[in-house]
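Subject: Handover of a structure

Dear colleague,

Please find below the structure that I am passing on to you.

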Amino acid sequence: MTDSRKKLLGVIGHPIGHSLSPAMHNAVFDKLKLNCEYFAFDVPPESLESAIKGAKALGFIGLNVTIPHKVTAIKYTDKLSKEAELLGAVNTLQFTDKEIIGHNTDGTGCINALKEAGVDVKNKRVFIIGAGGAARAIAFQCSLSDAVVSLTNRKEEKFMADDLIKDIKVKLNRDIKFIELADESVKEHLKDVDVLVHATSVGMKPNINNSIIPGDLIPSNVTVMDIVYNPPETKLLSEARKRGCRTVEGVGMLAHQGAKSQNIWLGINPPVDVMIKAVIDGL
Ligand code: NAP
């Protein structure tokens, strides 16, 4: 029987598929013996408002928000954190007695995963590949953390990199250098880079033999992070590791963004190793 004092949490997305978030969060609640439980809900766009308001009415203390709701969910918040306001997207909703507060922990998740691997991005030259939602969060958070950011993305019809670079200039008055996504220009640029963050979906299961750039372009002094977490070691990371680079897996970012959400909901600093293990066991 459900205990009415239990703190309820969850993730909403569409499709939600086999979300790893319940396993990752519930592993902490088990470990710390917290009376909390986390669920995954498939919520189509037309039900977003009623799902958020309904969860609050039912006594949930918060929700994670994932694709495709990260931007639209803002409409149903009363207040936004600085990060969510800058990004125009939320991945965490906090329900207080009076308000729904929107947060975005994706960028912090990346920065904290790098920190755990021994890299503080302050004053470091960080080169980001990608300009989608995750790359945007990372580019903003790196800029807020005083990194020197450069960026590349493929040139599709809607050229997302342009929008992101302009947005960071307008909101943070920081200049982001754009590098063409071609082997020669990337190779030349990587001579002046400390941290490479790959933030596209290339290399994700089932396309595990794909890599956005050949690993032999990367000098061994560059730290390489791939935010793709399935598989945990992507082709890019495997090649970089073989070249002697320090590598950081996307599972670390996933766990750290979840840890930050728990910090917002429950005021705790959960054991990130427990979260990482739960994700890897679930993959
Ligand atoms: P998104 O908003 O859809 O953006 C996807 C990005 O990948 C865009 O920059 C897109 O370029 C690029 N891309 C897609 N296919 C490509 C290809 N064949 N060649 C070159 N670029 C390609 O997705 P997202 O939310 O940013 O997520 C991106 C990846 O990060 C996903 O694999 C996701 O699972 C992972 N992720 C991990 C975490 C974590 O915590 N570890 C968190 C969030 C996301 P265009 O702009 O040209 O389309």
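The notes below describe the sheet, a surface patch and the cysteines.

This is a predicted model, in which local features need pLDDT of at least 70 and side-chain atom pairs count only at pLDDT 80 or more, while totals for chains, interfaces and linings use all residues. Residues are numbered from 1 along each chain as its sequence is written, and side-chain values use heavy atoms, with hydrogens and water left out.

The sheet

Helices (H or I, at least four residues) and strands (E, at least two) are DSSP runs, numbered from the N terminus. Two strands are taken to pair if DSSP finds at least two bridges between them. Strands of a sheet pair through backbone hydrogen bonds, either parallel or antiparallel.

Six strands form an open sheet with mixed pairing, in the order 2-1-3-5-6-4. At its edges stand strand 2 and strand 4 (79-80), each with a single partner strand, so one side of each has no neighbour in the sheet. Strand 4 runs parallel to strand 6 (residues 100-103), to which two bridges join it; L80 has G102 in strand 6 as its bridge partner.

Strand 1 (residues 7-13) is largely enclosed by the rest of the structure, because six of its seven residues are buried (under 20% relative accessible area; exposed is over 50%, and partly exposed lies in between, with a 1.4 Å probe and protein chains only). Seven bridges link strand 1 to the parallel strand 2 (residues 36-42), where C36 stands opposite K7. Between these two strands the chain passes through helix 1 (residues 21-31), and this β-α-β crossover is right-handed, that is, clockwise from the first strand over the helix to the second when the strands point away from the viewer. Strand 1 is also joined by four bridges to strand 3 (residues 62-65), again in parallel, and V11 stands opposite N64 there.

The cysteines

A disulfide is a pair of cysteine sulfur atoms within 2.5 Å, and by this rule there are zero disulfides. The sulfur of C110 lies 5.6 Å from the closest cysteine sulfur, in C142, which is too far for a bond; C110 is buried, at 0% relative accessible area. For C245, the closest cysteine sulfur is that of C110 at 16 Å, also too far for a bond, and C245 counts as buried at 6% relative accessibility.

I280 is located in helix 10 (residues 272-282) and is partly exposed, with a relative accessible area of 38%. Together with Y229 and L283, I280 makes a nonpolar surface patch of about 220 Å². Patches consist of residues with over 30% relative accessible area and no salt bridge, with like charges joined within 9 Å and nonpolar side chains (Val, Leu, Ile, Met, Phe, Trp, Tyr) within 5 Å. A salt bridge is a side-chain nitrogen of Lys or Arg within 4 Å of a carboxyl oxygen of Asp or Glu. Accessible areas come from the Shrake-Rupley method with a 1.4 Å probe, and for residues only the protein chains shown count as cover.
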